[in-house]
Amino acid sequence: MTDTTSESANSRTTSRRSLLAMGGAGLVVGAAAAGGAVAVTRSGDEPQPVADTGGAVAFHGAHQAGIATGVQDRLHFAAFDVKTDDRDEFVQLLKDWTKAAARMTEGRVIGDGAYGGLPEAPPDDTGEALGLKPSRLTLTIGFGPSLFEKFGLADKRPEALVDLPKFPGDNLDKARSDGDLCIQACADDPQIAVHAIRNLARIGFGKVAVRWSQLGFGKTSSTTPDAQTPRNLFGFKDGTRNIAGTEREALDQHVWAGAGDGPAWMTGGSYLVARRIRMNIETWDRTSLSEQEDVFGRDKGEGAPVGKAKEHDAVFLKALKPTSHVRLAHPDSNGGIRILRRGYSFTDGTDGLGRLDAGLFFLAYQRDVRKGFIPLQRSLSRHDALNEYIQHVGSAVFAVPPGVRDSGDWWGRALFSKEA
Amino acid sequence: MRAVRLTVVTAAATAATLAAVTGCTQKSDAKAGGDHVIQVTATDDKCEVSKTEFPAGHVELSIENKGSKVTEVYVLFPDDRIVSERENIGPGTKQKLTAEVKAGSYEIACKPGMKGAGVRQKVTVTGGKSVKRDARLDKAVADYRTYVEQQAEDTLPKAKTFTDAVRKGDLKAAQAAYAPSRIGWERTEPVAESFGDIDPKVDVREDGLEAGQDPKTDWTGWHRLEKALWQDKKIGSREKELAGRLDKDLKDWQERVGKAEITPTSMANGAKELLDEVATGKVTGEEERYSHTDLVDFKGNVEGAEKAYDLLKPVAAENDPALAKELDKQFAALDKLLDKYRGDKGSYEFTSYDKVGKADRKELSDAVNALAEPLSHLAAAVVVK
């Protein structure tokens, strides 16, 4: 909380307002302690092992947080369209966003806070995160292909940021696809993630408009192999072989854009593919256990690959059916391709026919979309037995710039600076 | 329009800002124990005040709830309009309520259980120091009052064209006269809503009726006739009767609207509320669900907001030049976008909203958000420093 609000807590007699303010002041201590602990043990550049779920994740670093960071429990993901054609105005928004994002990830209010300001003006911060912990909030920005058609950025577009081809079975809704920008908000508390997107959207009004957004309620992948592998809505462990936040070499090889990969402004960044994958929950639930296990290629209880006893036992591909999901998605079936998955289960209520409008909001980070998601999905979309139970209904791809180095740096600085 | 219950809240909130004028920013004036601080002790059956007479200007009520029920405390004009209020004061808690009051009689009401008329205390505000004034803002208020009166005056004959057509049973003429009859109302709606009782009579939608109200007998006003004209496509004796009611209720509005409390803050908040109306009722197509003339109302709302802004601009531009620049830009952008939906500027014949597709509605919604966000900061930019 700001100094102003702490002051007002002292100067007022006990009231609901000042009680709140004191709660807020208490939070400063908590946030500082949590932030401090993080700062002592690791910088933002380092992979974050399973953390105290209330703590703060460092915002600054060589890479943006929210990629190799241990996957938090909740997601609010938003795609934006740019509404201004004024480059300076857009750059100012990126700076304002960066500042607000840094504060929110520390568990602090934005601007002059949620109360105590001018009574005639709406408060800067919307307030629903007051009294909550930072909850490992990470905010990660990405730039979509269409952004490069604006502001004279055409020659800055990385070759790796390709428009995704149409895959067999795609039934994409334009209103849930694409976007000039995206912000991924992950936190262990859903209110923290929603607060972050809501406030960034508010700061953006007039400059950008939310195109679509997606809430995710349960992580389906983990970047922390020591922790229990989460299950997707089909009830199966997912992402057993995901790239871990501690696998520095694998991250450099498969996730981070390296020097010389493309434009210099992307070095240390990554490429994000987001897919809204609707699951036919009811028909899946009527499928026999043996077929379910055949479809995945793992057993439902332990998550062990066919013919093996333990989840983390090496997969013997030939033991799996040729159309099984795990076999088709396995690096050995794809020339060693690995992507870092960070998806979330979603349920947006029901669809009017009484069926759950639910599925997987798939998020995958990779060094090059052409060598990552595209070949993988080409194979999966043609052969995966799982296709009978899923449909891809939304799609987007983004170039995720490298991290914000310090408090003087801002999201996209290297892209928008003249010499880049 | 708003749902009835919401209208009452809005009226209260508007009245509160009207009277509060600039007071709340002058917290430092109210030094503890000074002339301007009144102790209010609320219990389940009492509302004790430390003094019943105090000087005009900034007052602070230091409230303590010693009762067992959650209470609320109001400062009321003699006619029960709200000067300022504080709700949800829990048992054993203290709250503050500030207001800017002119000389005159008032009542302080404690409402244990937050219902009923409450326990009242009559108080008198004497001469005291007056509220700081800015001549430019006084002019803005005066000009806005003239605008509001003019809109009401111009509306009556347009409404009569509409109601005459209904009385004649001329469906086509009535449909044609419907939307034009509403423009003056839509431009100045927050002022009309500040009375609380007129809006539910003339501009309520069927879903705005309260539980227990029967649409057959209790639903009156424009939207009741809209439904008859576009959905039922029938004009019967009830519709003709309601046409007369509408004339009468609008006449009542026209006669009273000049007496509304208007302040720079209420003008600015009113402008923001007009955009709220657009965002919640028009962009969604809910307001004119039968006639689909939403864009006419939309335009009226924006024009009314722009008028209030233009009048406040000399002060707003001085206090917050960046805000004024942004508002100029976003008003222009929204006006330009709306022009896409009418043949020529000056015409109020807009594209029927059922012909406006999803993507175009999204574009309109984005433009409304782009304007409404900076507009929400206008009130703070016209506070007298």
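Tutor: Let's start with a pair of strands: β3(B) and strand β9 (residues 119-126) of chain B run parallel to each other and are joined by 3 bridges. Strands here are DSSP runs of E with at least two residues, helices are runs of H or I with at least four, and both are numbered from the N terminus. Two strands count as paired if DSSP finds at least two bridges between them. Within this pair, B:Phe54 sits opposite B:Val125 of β9(B).

A word on the ground rules. Residues are numbered from 1 along each chain as its sequence is written, while chains are lettered from A and ligands numbered from 1 in the order in which they are written. This is a predicted model, in which local features need pLDDT of at least 70, side-chain atom pairs count only at pLDDT 80 or more, and totals for chains, interfaces and linings use all residues, with side-chain values based on heavy atoms and hydrogens and water left out.

Now step back to the whole sheet. It is open and has 5 strands, ordered β3-β9-β8-β5-β6 in chain B, with mixed pairing. At its edges stand β3 (53-55) and β6 (82-89) of chain B; each has a single partner strand, so one side of each lacks a neighbour in the sheet. On average, neighbouring strands of this sheet are turned by 20° against each other, direction ignored. Such angles use lines fitted to C-alpha atoms, for helices over the stretch in contact, and run from 0 to 180 degrees between N-to-C directions.

Chain B has another open sheet, with 4 strands in the order β2-β1-β4-β7 and again mixed pairing. Here β2 (47-49) and β7 (94-101) of chain B are the edge strands, each pairing on one side only. Strand β4 (residues 57-65) of chain B runs antiparallel to β7(B), with 8 bridges between them. One bridge links B:Val59 to B:Ala99 in β7(B).

According to UniProt (unreviewed entry), residues 140-377 of chain B are annotated as "domain: Imelysin-like"; UniProt positions follow the numbering used here, feature names are shortened, and annotations may be inferred rather than shown by experiment. That span is 71% helix and 0% strand, and its end C-alpha atoms lie 18 Å apart.

Look at helix α8 (residues 222-232) and helix α9 (residues 237-256) of chain B, whose axes are 10 Å apart and which pack at an angle of about 150°. They are therefore roughly antiparallel (over 145 degrees; under 35 is roughly parallel, 65 to 115 roughly perpendicular, the rest oblique). Their crossing is left-handed, meaning that the near helix is turned anticlockwise from the far one by less than a right angle, while clockwise would be right-handed.

Finally, the axes of helix α10 (residues 264-282) and helix α13 (residues 358-375) of chain B come within 9 Å and cross at roughly 155°. α10(B) passes α13(B) in a left-handed crossing.
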